[in-house]
Amino acid sequence: MATATRSTVINDPVGIHARPAAQFAQAAGASGCTVTIAKGDGAPVQADLILSVMGLGVKQGDTVEITVEGDNAEAVADELINTLLAV
């Protein structure tokens with residue numbers, strides 16, 4: 001089983017609020033992989049649960065790290081980072 005990790009800085013002025021959290025959680029759940037997201041050095045949470053993602057309290061300028069385990073982990077990680085940056 002492959003694992004991929006990606007980090008990015010959140011540039012959205014309001015951080016990861018309800019809409020981007022919902023889009024990200026939906027994409028993570030649809031990926032068929034095990035996906036976690038963490039804010040800075042904090043503990044990772046399950047990325048397919050919108051309340052867990054929102055509970056991180058990610059604000060503009062915060063760094064998040066996603067970890068993907070499963071088939072096509074590299075491609076899924078890239079897609080999920082793009083989902084976060086597209087909002």
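Where is the place of Gly42 in the protein?

1. Gly42 sits in the loop between β2 (34–39) and β3 (45–46). The model is predicted, so local features need pLDDT of at least 70 and side-chain atom pairs count only at pLDDT 80 or more, while totals for chains, interfaces and linings use all residues. Residues are numbered from 1 along each chain as its sequence is written, and side-chain values use heavy atoms, with hydrogens and water left out.

2. Gly42 is partly exposed, because its relative accessibility is 38%; the class lies between buried, under 20% relative accessible area, and exposed, over 50% (1.4 Å probe, protein chains only). Arg19 is 23 residues from Gly42 along the chain, and their C-alpha atoms are separated by 22 Å.

3. The protein has three helices and four strands, in the order β-α-β-β-α-β-α. Helices (H or I, at least four residues) and strands (E, at least two) are DSSP runs, numbered from the N terminus.

4. The C-alpha trace spans about 35 × 20 × 20 Å along its principal axes.

5. Of the 87 residues, 38% count as buried. Contacts (heavy atoms within 4.5 Å) between residues at least 6 apart in sequence join residues at least 24 apart in 71% of cases.
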